[in-house]
Amino acid sequence: MRLSLATEPASPDRANEDFIGATPDAVVLLDGAGTPADLESGCSHGVAWYSHTLGSTLLAGMTQSTDSLTAILAAGIKATASMHDFCCDLSHPGSPSATVVMLRRTADTLDWLVLADSVLVLDVLDADPMVICDEREALTGSRYRAPMNAAVGGTSDHLQALSRYMDAMRAHRNVDGGFWVAAVDPLAAEQALTGTVPIDRVRAAAILSDGASRLIDRFHLATWRQALDILDQDGPEELIRRVREAEHSDPDGSRWPRGKIFDDATAAYGRII
Ligand SMILES: [Zn+2]
């Protein structure tokens with residue numbers, strides 16, 4: 001696999017809450033979520049610590065074990081919780097969580113796992129790109145987004161609406177009928193979407209956090225096919241550059257209403273054939 005990747009925080013003075021890591025046969029991407037750093041969350045470590053610790057734990061698990069990706073994710077969630085359950089209040093509704101994408105190449109197959117709203121795109125032979133995204137968070141969120149979308153980005157009204165939106169979403173996190181993310185409960189792993197494709201059917205794979213996929217699925221400035229072409233020809237940095245250009249062109253979110261005017265953005269692209 002010829003792999004290239006890029007990741008960039010929403011702003012240079014903030015920690016990047018995305019995680020991307022790879023070995024020759026595995027790629028892991030996480031997008032951390034949780035309480036803004038200045039609010040009480042029950043966890044003294046923070047969102048970036050959580051996503052980076054779980055991400056590196058998953059990468060180690062994929063290197064050490066041939067278990068299913070679901071089993072490796074469940075073990076990783078449990079191991080990461082055990083690193084701070086003795087000092088942090090993990091029952092707090094604002095404790096850190098993360099989306100997860102795992103990709104593993106074996107001799108014959110490409111195995112994948114997607115939990116929450118990061119995106120995996122498989123460029124398969126003789127077919128349209130296969131786009132795998134867990135829609136449950138977006139579906140839940142669509143019920144609460146209207147006040148946030150109506151407020152002008154960057155204003156106190158928008159910040160208040162975003163805060164109320166996040167409070168509303170917490171009630172649906174990791175419960176049946178809501179949406180599932182990696183947090184404290186290893187059972188969330190069983191809610192992930194998973195699959196396997198024959199390795200000789202896949203030309204390339206792209207993994208994007210929602211801060212990068214917004215170029216396609218929120219701004220509609222590229223199709224998935226065009227995004228794969230950008231990644232292949234110009235690399236992940238170019239995809240993120242185009243995201244930033246679009247964000248700067250709409251600084252108050254009037255054209256593309258969104259909770260975060262700028263977001264951490266991560267893209268990885270692996271050429272397989
Ligand atoms: Zn903690």
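**Helices, sheets and a zinc site**

In this predicted model, the axes of helix 7 (residues 224–233) and helix 8 (residues 236–249) cross at roughly 125 degrees and come within 6 Å.

Q: Why is helix 7 called oblique to helix 8?
A: Roughly perpendicular covers 65 to 115 degrees, and roughly antiparallel needs over 145. The crossing angle of helix 7 and helix 8 is roughly 125 degrees, so helix 7 counts as oblique to helix 8.

Q: Which residues make the contact between helix 7 and helix 8?
A: Helix 7 supplies A227, I230 and L231, while P236, E238, L239 and R242 come from helix 8. Sorted by class, this contact has five nonpolar and two charged residues, with no polar ones.

Q: What makes helix 6 and helix 8 perpendicular or parallel to each other?
A: Helix 6 (residues 210–217) packs against helix 8 at an angle of about 70 degrees, the axes being 9 Å apart. Because 65 to 115 degrees counts as roughly perpendicular, that is the term for helix 6 and helix 8.

Q: Which residues of helix 6 and helix 8 are in contact?
A: On helix 6 they are G211, A212, R214 and L215, and on helix 8 they are L239, R242, V243 and E247. The classes here are four nonpolar, one polar and three charged residues.

Q: Which strands does helix 8 lie across?
A: Helix 8 lies across strand 1, strand 9 (202–208) and strand 10 (265–271), and runs at about 30 degrees to strand 1.

Q: What is the strand order of the sheet that holds strand 1, and what makes strand 1 an edge strand?
A: This open sheet has five strands in the order 1-10-9-6-7, paired antiparallel. Strand 1 (2–8) and strand 7 (130–133) each pair on one side only, and these are the edge strands. On average, neighbouring strands of this sheet are turned by 10 degrees against each other, direction ignored.

Q: How do you know that strand 6 and strand 7 pair?
A: Pairing asks for at least two bridges. Strand 6 (residues 119–124) and strand 7 run antiparallel and are joined by four bridges, so they pair by this definition.

Q: Why is the arrangement around the zinc ion called tetrahedral?
A: The zinc ion is coordinated by C43 (SG), H45 (ND1), H84 (ND1) and C88 (SG) at 2.1 to 2.5 Å. Four donors count as tetrahedral if all angles lie between 85 and 135 degrees. The angles at the zinc ion are 93 to 119 degrees, so the arrangement is tetrahedral.

Q: How are the donor residues of the zinc ion spaced in sequence?
A: Their spacing is C-x1-H-x38-H-x3-C.

Definitions and conventions: Residues numbered from 1 in each chain as written. Predicted model: local features only at pLDDT ≥ 70, side-chain atom pairs only at ≥ 80, totals over all residues. Heavy atoms only, no water. Axes fitted to C-alpha atoms, helices over the stretch in contact; angles between N-to-C directions. Helix = DSSP H or I, 4+ residues; strand = E, 2+ residues; numbered from the N terminus. Parallel < 35°, antiparallel > 145°, perpendicular 65-115°, else oblique. Contact = heavy atoms within 4.5 Å. Nonpolar A, V, L, I, M, F, W, Y, C, P; charged D, E, K, R; others polar. Donors = N, O, S within 2.8 Å, 3.2 Å for Na, K, Ca; no water. Tetrahedral: all angles 85-135°; square planar, octahedral: opposite > 155°, others 65-115°.
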